[in-house]
Amino acid sequence: MRGDLRRPRGEGPFPLVLVCHGFTAHKDWGPFPFIGRALARAGFASAVFNFSHNGMAPPFRRFTELEKFSRNTIGRELADVRALLDAARGGKFPGADASRIGIMGHSRGGGVALVAASADAGIRAVVGWGTIATFHRFTAHQRQAWERDGFLPVTVRGVRTRLRYGIEVLRDLEANAGAYDIRRAAAMLRAPLLLVHGEADVSVKPEEARTLLEAAQSAKATLEVIPGTGHAFGAEHPFAGSTPALDRAIRATIDWFRMYL
């Protein structure tokens, strides 16, 4: 895995926040470096990282590791998070306090963060932006074609590279339906959970966040819906600067981690 560890000035140790990117994104996509810097300015060590099989290699500008992408299961992404947690607890993140770890994620990364946190009591706070409520986002027709052809084409807006998921991805989802149930993870979660969602999000509708909030048993579960904004809170790739919605999402996230880390 590749990532960027940003820290506040001083020796620390500082609370650590792991930042999980979403589907077909990467650590340098859109606002992720900006988010990492904002967390560091607010007093946190931020680890914004690439999942190991997200298809990106240096200089992280386009998809070049297509075979890896084709094998990028949810299980691999969860294993990546566990590897980072082990590294932090083994002292591999200089200046980070491994006893105060939070995790946040966007879109699919929010789902991965939630499932990972439900299985690790050492994660003390969770934030999901535009978080999906299920990893099963494929139509019956897509699944039939996937089974027939042994792969599923993956289309990404603005990307000409032909991406596809191998059958391994489908088999992983089928074999781990219970373990990857995001709503079940929300119900099991004991760490405080903040969900931030754009009111005009058409990629992941706000109803998915409400489903997760309803499932969460923790009395410290909160949903903040930001009016008039979509899935990326008005941010773009390449990043062209912040927006009022993105600033609000970052403020809410920082306040949450300050309360619970």
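Contact, in these legends, means heavy atoms within 4.5 Å. The model is predicted, so local features need pLDDT of at least 70 and side-chain atom pairs count only at pLDDT 80 or more, while totals for chains, interfaces and linings use all residues. Residues are numbered from 1 along each chain as its sequence is written, and side-chain values use heavy atoms, with hydrogens and water left out.

View 1. Helices (H or I, at least four residues) and strands (E, at least two) are DSSP runs, numbered from the N terminus. Buried means under 20% relative accessible area, exposed over 50% and partly exposed in between (1.4 Å probe, protein chains only). Among the buried residues of α4 are R108, V112, L114 and S118.

**View 2. Seven strands form an open sheet**. The strand order is β1-β3-β2-β4-β5-β8-β9, and the pairing is mixed. Two strands pair if DSSP finds at least two bridges between them. At the edges stand β1 (3-6) and β9 (221-226), each pairing on one side only. Neighbouring strands are turned by 15 degrees against each other on average, direction ignored. Strand β8 (residues 193-198) pairs with β9 in the parallel sense over six bridges. In this pair, V196 stands opposite E224 of β9. Helix α9 packs on the sheet and touches β2, β4, β5, β8 and β9. The direction of α9 makes about 165 degrees with that of β5.

**View 3. Helices α1 and α9 pack against each other**. Helix α1 (residues 32-41) meets helix α9 (residues 244-260) at an angle of about 40 degrees, and their axes are 11 Å apart. That angle makes α1 oblique to α9; angles under 35 degrees count as roughly parallel, over 145 as roughly antiparallel, 65 to 115 as roughly perpendicular and the rest as oblique. On α1, the contact is made by F34, I35, A38 and L39, and on α9 by L246, D247, I250, I254 and F257. By class, this contact has eight nonpolar, no polar and one charged residues. Ala, Val, Leu, Ile, Met, Phe, Trp, Tyr, Cys and Pro count as nonpolar, Asp, Glu, Lys and Arg as charged, and the others, Gly among them, as polar.

**View 4. Two cis peptide bonds and two positive phi values lie in loops**. Most residues other than glycine have a negative phi, and most peptide bonds are trans. A cis bond joins G12 and P13, with omega about 5 degrees; P13 is in the loop between β1 and β2. The bond from P58 to P59 is also cis, with omega near 5 degrees, and P59 is in the loop between β3 (45-49) and α2 (66-70). T24 has a positive phi near 60 degrees. It lies between β2 and α1 and is buried, with a relative accessible area of 17%. F233 has a positive phi near 55 degrees. This residue is in the loop between β9 and α9 and is buried, with a relative accessible area of 1%.

How values were computed:
Axes are lines fitted to C-alpha atoms, for helices over the stretch in contact, and angles run from 0 to 180 degrees between N-to-C directions.
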